[in-house]
Amino acid sequence: MKAGPDIAMVASLVGDPARANMLTGLMTGRALTATELAHEAGITPQTASSHLAKLEAGGLIEQEKQGRHRYYRLTDPDVAGVLEGLAGLAERAGHTRVRTGPKEPALRRARICYDHLAGDLGVQMLDSMKKQKLVRQSKATIELTGEGKRFMAKALQIDADTLAHPRRPVCKACLDWSERRHHLAGTLGAAVMSRFTELNWAARDTAPGSRVVNFTRNGEKRFAALFGPSEA
């Protein structure tokens, strides 16, 4: 037997359609109840309990008790990154769902990926940051530059020195499933998305389970002023 990480075990957990739908439902970054996750998966609450127990034992989700309720969330942003990458692989390989709707273009344009901006605008933002030399990227490694720190403080009132986290990098490249290029994750990606919300430039769609991010007219103008379309 070969030593090392057990990819097959993780793949078997994600590979079940019901569990995959549950995990996708948690990609919004919100904690959901077992009943809500059962609805996401299209299964009974009893069946959902069994799937949730397996996902929790496998380290992909964790639960939090609040009063009489139990809420589930992804254990780590890295889980969301893996799911986003798998979605990109499925898209590239032609394994897509037949049913589409009016939300699909909006989902591709701007969506939440756990707690940071993804989609066309997420990729555009990272492209612009690289062009402006706010970050340096080497493959999947991204580093915020000194100019980037000054930019974040002046343009978005984000103090980059407060973003250090023991389990999460400040900047991380997350492979975008719809664009098949990188968008910005890490604590900086989360802070930027939070700032967009605080400034009322953007907000998550209010539909249950939706990952769509809607920008206001003013938000679009402000976003373009900071991260205009890349020429690359």
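**Close-up views of selected residues**

Glu64 counts as partly exposed because its relative accessible area is 39%; buried means under 20%, exposed over 50% and partly exposed in between, with a 1.4 Å probe and protein chains only. The model is predicted, so local features need pLDDT of at least 70 and side-chain atom pairs count only at pLDDT 80 or more, whereas totals for chains, interfaces and linings use all residues. Residues are numbered from 1 along each chain as its sequence is written, and side-chain values use heavy atoms, with hydrogens and water left out.

**View A. Strand 3 pairs with strand 1 and with strand 2****.** Strands are DSSP runs of E with at least two residues, helices are runs of H or I with at least four, and both are numbered from the N terminus. Two strands pair if DSSP finds at least two bridges between them. Strand 1 (residues 32–33) runs antiparallel to strand 3 (residues 69–74), with two bridges, and Thr33 stands opposite Tyr71. Strand 2 (residues 61–66) is also antiparallel to strand 3, with six bridges; here Glu62 stands opposite Arg73. Two residues lie between the strands in the hairpin of strand 2 and strand 3, where Gly67 has a positive phi near 65°. Arg73 also meets Glu64 in a salt bridge between their side chains (3.5 Å, N to O); a salt bridge requires a side-chain nitrogen of Lys or Arg within 4 Å of a carboxyl oxygen of Asp or Glu. Arg73 is partly exposed because its relative accessible area is 26%.

**View B. A salt bridge joins Glu84 and Arg211****.** The closest N and O atoms of this pair are 3.1 Å apart. Glu84 is buried because its relative accessibility is 0%, and Arg211 is buried because its relative accessible area is 11%.

**View C. Arg168 and Asp115 form a buried salt bridge****.** The closest N and O atoms of Arg168 and Asp115 are 2.8 Å apart. Distant parts of the chain are linked by this pair: Arg168 is in the loop between helix 8 (146–156) and strand 8 (172–175), Asp115 is in the loop between strand 4 (111–113) and strand 5, and the two are 53 residues apart. The structure holds 15 salt bridges.

**View D. His116 lies in strand 5 (residues 116–118)****.** His116 is buried because its relative accessibility is 3%. Its side chain makes a polar contact with that of Asp115 (3.2 Å). A polar contact is a pair of N or O atoms within 3.5 Å; within protein, one must be able to donate a hydrogen and the other to accept it, and residues adjacent in sequence count only if both atoms are side-chain atoms. Leaving aside residues up to four places away in sequence, His116 is in contact (heavy atoms within 4.5 Å) with residues including Arg111, Arg168, Cys174, His183 and Met193.

**View E. Tyr114 and Arg180 have positive phi values****.** Most residues other than glycine have a negative phi. Tyr114, in the loop between strand 4 and strand 5, has a positive phi of about 70°; this residue is buried because its relative accessibility is 13%. Arg180, in the loop between strand 8 and strand 9 (182–185), has a phi near 60°; Arg180 is partly exposed because its relative accessibility is 41%.

**View F. Val82, Leu86 and Leu89 form a nonpolar surface patch****.** Together these residues have about 250 Å² of accessible area, computed by the Shrake-Rupley method with a 1.4 Å probe, where for residues only the protein chains shown count as cover. Patches are made of residues with over 30% relative accessible area and no salt bridge; like charges are joined within 9 Å and nonpolar side chains (Val, Leu, Ile, Met, Phe, Trp, Tyr) within 5 Å. Val82 is in helix 5 (residues 77–92) and is partly exposed because its relative accessibility is 47%.

**View G. Asp16 caps the N-terminal end of helix 2****.** A side-chain oxygen of Asp16 lies 3.0 Å from the backbone nitrogen of Ala18. The buried residues of helix 2 (residues 17–25) include Ala18, Arg19, Met22 and Leu23.
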